[in-house]
Amino acid sequence: MPKTGSVPADPVGKEEEQTKSLNVGEAPNSALGIKWATASDEIIFGDLPTEKEVVFTKRGLLSAVMSVYDPLGLLSPIVTTGKMLLRSVFKRNLQWDTELPVDLQREFRKWLACFKKVGELRLPRCTMPSEFGAIKRRELHIFCDGALPAFGCIAYLRIIDQEGLVSIQLLIAKTRICPKQGRLTIPRIELSAAVLAARILVTLRRELNDCFDDVYLWSDSTAVLAYLKNVQT
């Protein structure tokens, strides 16, 4: 018997494997917090805020915005709009449980209405279509852009098979709200978007074992392109 307070050592080579069985069927499973329809192998969105469930206060808006779990940024346009609305509420210095003014309630309802169609979205989990054969080429394309009051980037995987078929799949998107302190210039915001794109590139290369034949980072900002070409002497 081991002494009190000690932990018996596991036998060598007898580590217990922890696995989870997934029930393949109509009911979606949860994988890393994301809803996954295993029968069709698609990502779906559930547990989204609705007008009937929220309270039209600053606390209610914050709760609704933070309740949207979207680690891949697939709902970035909607979530970012909610964060911008939240900033407008904070600018008015409203109390946490004070009812929002009529104009902000109108914007809040308009934002919640965006989720009505989101529940119908079904995105393929696999980046390679089932009809594809041997893969000839994999390209990563990352687009970045920025303007007040937000900036962001989005990454796509472009696949070409031996028959010349092309498939483009969204991998990930990230957005940021511009800092409230101080007014950023447009070139600085564009540069911040380019930095975010570079960080996403590092992450994707690491997580996907650098499986890309070519990588492209796209920006329409002449300031960013000029800055990248600038060489200090």
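Analyst: A residue is called buried when its relative accessible area is under 20%. By that criterion, both Trp111 and Phe115 are buried in this predicted model. Phe108 is likewise buried, as is Trp111.

These residues belong to one aromatic cluster, formed by Phe56, Phe108, Trp111 and Phe115. The structure as a whole holds seven aromatic pairs. In one of them, the ring centres of Phe108 and Trp111 are 6.2 Å apart and the planes stand at 35°, so this pair is tilted. Phe108 and Trp111 both lie in helix H3, which spans residues 102–113; because they are three residues apart there, about one helical turn separates them. Trp111 also pairs with Phe115, and here the arrangement is edge-to-face, with 5.0 Å from centre to centre and 85° between the planes. The second pair counts as edge-to-face because its angle is over 60 degrees.

Elsewhere, helix H1 (residues 58–66) and helix H2 (residues 76–91) have axes that come within 10 Å and cross at roughly 160°. This angle makes H1 roughly antiparallel to H2. The crossing of H1 past H2 is left-handed. On the H1 side, the contact is made by Lys58, Leu61, Leu62 and Val65; H2 contributes Gly82, Lys83, Leu85, Leu86, Val89 and Phe90. Sorted by class, the contact of H1 with H2 comprises seven nonpolar residues, one polar residue and two charged residues.

Notes: Residues numbered from 1 in each chain as written. Predicted model: local features only at pLDDT ≥ 70, side-chain atom pairs only at ≥ 80, totals over all residues. Heavy atoms only, no water. Axes fitted to C-alpha atoms, helices over the stretch in contact; angles between N-to-C directions. Helix = DSSP H or I, 4+ residues; strand = E, 2+ residues; numbered from the N terminus. Parallel < 35°, antiparallel > 145°, perpendicular 65-115°, else oblique. Left-handed = near helix turned anticlockwise from the far one by under 90°. Contact = heavy atoms within 4.5 Å. Nonpolar A, V, L, I, M, F, W, Y, C, P; charged D, E, K, R; others polar. Phe/Tyr/Trp six-rings, centres within 6.5 Å; stacked < 30°, edge-to-face > 60°. Buried < 20%, exposed > 50% of the residue type's maximum accessible area, 1.4 Å probe, protein only.
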